Structure formats: C-alpha cells, structure tokens
Amino acid sequence: MSHENDSLPASVDDAIAAFNRGAYFEAAEMFETAAHAAGIDDDLKALFMALNQIAAAFHLRFERGGRQASINLMSQAMIALDDMKPARHGLDVERLCAELAAYTEEVRATPRDERDGLKHRARIFLERRRAPKINRR
C-alpha cells in the first residue's frame, strides 16, 4: 500500500506551518499530539514522531544552544525517515533528509564548548535562517 499521496489531517498542516515559520516548540507539541491521534496507523505515527524529533532538535538548538542533544535527535529522525523516501503522505521526505543531513553536519562542526557570547549568538542566528523546511512533493 502506497502512502505517498495520502493527505494529512488539518492539524498536521498547522504543525508544518508552525515548523516552517520557526515555532519549533509549538510544532513539536502538535506533531506529538498528531502521532497519538494516528491510532494504529504505524506509518503515520512514525512520520509524525520523526517530525516531532526534528522540531524538538531545532528548539533545543535555537532556544537553548544545545548541540549534542540536537544532533542526536536529528540523527534518530533521519534513521526513521530513511525508509519513507522519496515521499510520504505528500511530504518531500527525500529533500527533508538531504537538508537535515547537511544541517546536522553543520552543527557537528561547531565547537563543543561554545554556548555563550556574540560569536555563538551570530552562529545560531545564521543556522536558524538555514534550517530545513518541510515541503510538499
């Protein structure tokens, strides 16, 4: 059974909109709620939980300056999304994974102990502008 073009609930469209405008904490909560509402549809639940992990990773990175926890969450999400390529439920999973992999490597390249100061704030500002978006296929 193909899940490539199945439509998503309106609540998930709202979560994607929140994610794409940078409201990552709000998006993470909405994806988590959608995952619980998905019921027995394991495919849909896995997709929503992966999107939840990405949103949580971005919130940790941009609002708290977290590095390793963000990398871990993004890596776990990429593993979960790998079997959903190229698209799932109308979302461009292939593009999201490619952008997320590049972004994860960018975060990995940052100094482990840099959490304060102007240089760190500037880096986080630039990273936020380059953060992947969730796109339709």
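This report walks through the helix packing, the nonpolar core and a few individual residues of the structure shown above.

The model is predicted, so local features are taken at pLDDT of at least 70 and side-chain atom pairs at pLDDT 80 or more, while totals for chains, interfaces and linings use all residues. Residues are numbered from 1 along each chain as its sequence is written, and side-chain values use heavy atoms, with hydrogens and water left out.

## Helix pairs

Helices here are DSSP runs of H or I with at least four residues, strands are runs of E with at least two, and both are numbered from the N terminus. Axes are lines fitted to C-alpha atoms, for helices over the stretch in contact, and angles run from 0 to 180 degrees between N-to-C directions.

| Pair | Angle | Axis separation |
|---|---|---|
| α1 and α2 | about 155 degrees | 8 Å |
| α3 and α4 | about 160 degrees | 8 Å |
| α3 and α5 | about 30 degrees | 13 Å |

For orientation, angles under 35 degrees count as roughly parallel, over 145 as roughly antiparallel, 65 to 115 as roughly perpendicular and the rest as oblique. A crossing is called left-handed if the near helix is turned anticlockwise from the far one by less than a right angle, and right-handed if clockwise. Contact means heavy atoms within 4.5 Å. Residue classes are as follows: Ala, Val, Leu, Ile, Met, Phe, Trp, Tyr, Cys and Pro are nonpolar, Asp, Glu, Lys and Arg are charged, and the others, Gly among them, are polar.

Let's begin with α1 and α2, which pack at about 155 degrees; α1 is therefore roughly antiparallel to α2. Their crossing is left-handed. On the α1 side the contact includes Val-12, Ala-15, Ile-16 and Phe-19, and on the α2 side it includes Tyr-24, Met-30 and Phe-31. By class, this contact of α1 with α2 holds 10 nonpolar, 1 polar and 2 charged residues.

Helices α3 (residues 42-64) and α4 (residues 68-82) come together at about 160 degrees, so they are roughly antiparallel too. Here α3 passes α4 in a left-handed crossing. Among the residues making the contact are Leu-47, Ile-54, Ala-56 and Phe-58 of α3, with Ser-70, Leu-73 and Leu-81 of α4. The contact of α3 with α4 divides into 13 nonpolar, 3 polar and 1 charged residues.

The pair α3 and α5 packs at about 30 degrees, which makes α3 roughly parallel to α5. Leu-51, Ile-54, Phe-58, Arg-61 and Phe-62 of α3 meet Leu-96, Leu-100, Tyr-103 and Val-107 of α5. This contact of α3 with α5 has 8 nonpolar residues, no polar ones and 1 charged one.

## The nonpolar core

A nonpolar core is a set of buried Ala, Val, Leu, Ile, Met, Phe, Trp, Tyr and Cys residues joined through side-chain atoms within 4.5 Å. Buried means under 20% relative accessible area, exposed over 50%, and partly exposed in between (1.4 Å probe, protein chains only).

The largest such core has 39 residues, and Phe-19, Phe-31, Phe-48, Ile-54, Phe-58 and Leu-81 have the most contacts inside it. Two or more residues each come from α1 (10-20), α2 (24-37), α3, α4 and α5, and α3 gives the most, with 10. Beyond its neighbours within four places in sequence, Phe-31 is in contact with residues including Phe-19, Phe-48, Leu-51 and Ile-134.

## Individual residues

Ala-56 sits in helix α3 and is partly exposed because its relative accessible area is 22%. Its C-alpha atom is 7.7 Å from that of Ser-70, 14 residues apart along the chain.

Arg-128 belongs to helix α6. At 27% relative accessibility, Arg-128 is partly exposed. Leaving out residues up to four places away in sequence, Arg-128 touches Gly-22, Tyr-24, Phe-62 and Glu-63.

Thr-110 lies in the loop between α5 (93-108) and α6 (117-130). With 6% relative accessibility, Thr-110 is buried.

Finally, two backbone details. Most residues other than glycine have a negative phi, and most peptide bonds are trans. The peptide bond from Lys-85 to Pro-86 is cis, with omega near 0 degrees, and Pro-86 is in the loop between α4 and β1 (87-88). His-89, not a glycine, has a positive phi of about 50 degrees. His-89 is placed in the loop between β1 and β2 (91-92) and is buried at 2% relative accessible area.
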